[in-house]
Amino acid sequence: MNIKESVIEIVANVCEIEKNQVTENSAIGDFPSWDSMAQLTIFSTIEDQLGVSFEPEEMMEIESISDMVNAIEAKK
Amino acid sequence: MMDSIEEQLAAHALSKPDKVALICGEVEVTYAQLWSRVFFTAQELQTKYNVCKNDRVILSASGCIEFIYVYFGVHIAGGIAVPIDPDTHLARFEFIRQSTNPKCVIGLLHKAGVEGVPFEDVATSEGTSFDYVDLDLDDIADIMFTTGTTGDPKGVTLSHRNLSAAAKHINAFIGNTADDVELLALPVSHSFGLGRIRCVLSAGGTLVVLGSFANVKKFFKEMKEHNVTGFGMVPASWAFIKKFSGKYIAKFANQLKYVEIGSSFMPVEEKQLLMELLPNTRLNMHYGLTEASRSAFMEFHAEKDNLTTVGKASPNVDIALFDAEGKKVALGEEGEVCVKGAHVCSGYWNEPVERFQKDFFDGYFRTGDCATMDEKGYIYLKSRIKEMINVGGKKVSPMEVEDVLNSIPGIAESACIGIPDPAGMMGEVVKAFIVCSDENLTDKDITTALSPKLEVYKLPVQIERIESIPKTSNGKIQRLKLKT
């Protein structure tokens with residue numbers, strides 16, 4: 001599974017929605033369940049599963065799935 | 001003489017029709033436009049949904065601008081607004097629906113799978129005439145469902161007088177004026193967020209509707225773009241903002257006039273950090289509950305040497321501490337915090353007045369919190385009589401979680417308590433102690449079984465297996481013993 005697929009799976013699981021509803025352009029708040037608690041869980045799962053960590057200022061810039069993928073790829 | 005919030009809105013629409021009341025994305029709404037939308041919405045509710053005086057209307061309290069039109073529209077149509085969390089699960093929704101027997105449900109409740117009438121259909125921008133219902137200040141305006149000690153939702157009834165009195169004393173302490181531009185990111189299904197709408201609009205200020213803290217970049221973008229002067233948050237929101245932006249908020253130190261902070265545990269170090277980052281901002285932390293909104297206040301900078309207090313009684317509010325027999329305790333002694341003022345709720349929905357009267361000592365409403373008070377009136381909370389768990393500002397009844405746990409095959413019995421959040425984000429989180437009859441039951445099995453029945457914040461973060469649950473001789477669970 002590549003990074004994009006992993007991120008989509010994490011977001012779909014945390015937000016309790018089908019994977020096919022999540023696209024590269026999906027962003028915070030696009031689904032009612034993507035709230036601040038979900039955002040926290042998404043980041044802690046990404047950090048645990050993909051072995052990356054982010055500084056607060058880096059996380060602030062991440063709004064969409066593609067932002068997440070780009071930020072993770074930059075750290076790999 | 002006290003005017004309802006709606007009367008104050010109508011007065012602003014007349015005195016400053018072109019002043020911007022609401023901003024949401026690209027949309028700007030003046031006071032004149034706001035009042036006409038509220039007016040037409042009330043007409044729609046009366047004619048299409050037959051909402052009459054004292055009829056209940058359940059609102060999925062999402063952060064959309066149409067929610068604001070409909071909320072005030074219900075009031076001036078003579079109805080009673082029942083704002084509930086859009087995350088409400090089906091069992092809780094059914095309880096509230098049966099209890100309130102609403103004329104209609106408006107908005108989407110995605111977790112319950114309920115599609116109410118879309119807000120856009122009710123919040124119409126066109127209308128002609130309207131039968132203005134003469135409101136009595138003591139009519140019920142809102143029913144706010146909180147978590148009762150037994151776990152069943154409890155409907156707190158708030159009159160127009162209660163809402164107006166609360167807005168008045170909150171604005172008096174914080175210093176809100178018509179010049180304020182407030183960013184609203186709090187959930188409006190709770191007393192705090194909904195109260196911020198009433199406070200800002202009754203002061204004639206401008207409200208920037210954001211709906212959530214989830215997108216911190218957007219939060220700061222809106223703050224900059226609209227020259228925001230204040231906002232409300234709970235300590236868990238601050239933990240979230242800090243995690244996702246570090247000390248970025250300091251860039252707004254010369255712009256932010258005030259922050260209102262909700263009542264849940266906040267470490268002294270976090271208060272000091274906020275003071276350091278926002279040295280010129282009034283940092284107002286309130287103490288209160290849905291039944292008696294913001295009964296006490298303290299301001300961090302003014303109390304820099306006394307940051308463990310929850311403050312003193314708010315303007316026009318009286319607080320006294322009573323013992324279990326209903327006698328006022330001596331200065332410095334521990335007692336139950338009891339509150340008197342026009343903001344104290346008028347009762348509980350579907351509950352006899354005689355029962356509600358038992359919640360008072362000598363005209364003071366019993367909060368269920370234990371505290372001491374010093375000679376200057378500063379209150380220091382000690383414990384909670386009602387054993388509620390406060391997860392990021394949201395109350396969780398241990399009994400509600402225990403009931404669901406006990407229904408899982410393989411769990412003989414359980415007890416839940418609040419523990420400090422190990423992640424340092426939510427203040428408290430739920431810890432479950434379980435007695436297993438099936439040793440193969442895993443934590444994952446338990447969480448999977450709980451998830452459809454409980455909101456995410458109510459799910460236990462820790463699960464510990466024990467031999468037996470400590471109980472009194474009457475069989476009452478001794479949760480305090482599990483805390484040690």
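Mentor: The sheet and its surroundings

In chain B, 9 strands make an open sheet with mixed pairing, in the order S2-S1-S11-S10-S12-S13-S14-S15-S16. This is a predicted model, in which local features need pLDDT of at least 70 and side-chain atom pairs count only at pLDDT 80 or more, while totals for chains, interfaces and linings use all residues. Residues are numbered from 1 along each chain as its sequence is written, chains are lettered from A and ligands numbered from 1 in the order in which they are written, and side-chain values use heavy atoms, with hydrogens and water left out.

Helices (H or I, at least four residues) and strands (E, at least two) are DSSP runs, numbered from the N terminus. Two strands pair if DSSP finds at least two bridges between them. Strands of a sheet pair through backbone hydrogen bonds, either parallel or antiparallel. Strand S2 (27-30) and strand S16 (312-313) of chain B are the edges; each has a single partner strand, so one side of each is left without a neighbour in the sheet. Within the sheet, strand S13 (residues 258-261) and strand S14 (residues 282-289) of chain B run parallel and are joined by 4 bridges. B:Val259, for one, has B:Leu283 as its bridge partner in S14(B).

A cavity is a set of points, on a 1 Å grid over the protein atoms alone, where a 1.4 Å probe fits but cannot get out; lining residues have an atom within 4 Å of a point. Of the 14 lining residues, B:Asn162, B:Leu163, B:Ala166, B:Arg198 and B:Ser293 are the closest to the centre of the largest cavity. H6(B) supplies the largest share of this lining, 5 residues. By class the lining has 6 nonpolar, 6 polar and 2 charged residues, where Ala, Val, Leu, Ile, Met, Phe, Trp, Tyr, Cys and Pro count as nonpolar, Asp, Glu, Lys and Arg as charged, and the others, Gly among them, as polar.

Helix H7 of chain B also holds B:Ser191. Leaving out neighbours within four places in sequence, B:Ser191 is in contact (heavy atoms within 4.5 Å) with B:Met144, B:Arg198, B:Thr290, B:Ser293 and B:Arg294. B:Ser191 has a relative accessible area of 15% and is therefore buried; buried means under 20%, exposed over 50%, and partly exposed in between (1.4 Å probe, protein chains only).

At the other end of the strand order, the numbering runs from edge strand S2 (27-30) to helix H2 (residues 31-49) of chain B. The 19 residues of H2(B) should span 27 Å at 1.5 Å a residue, and the end C-alpha atoms are 26 Å apart, which agrees. The expected span is 1.5 Å times one less than the number of residues. Among the buried residues of H2(B) are B:Tyr31, B:Trp35 and B:Tyr49. B:Asn50 follows H2(B), with a positive phi near 55 degrees.

How values were computed. 1 Å grid on protein atoms, 1.4 Å probe; cavity = no way out; pocket = protein on both sides within 12 Å on 5 of 7 lines; lining within 4 Å.
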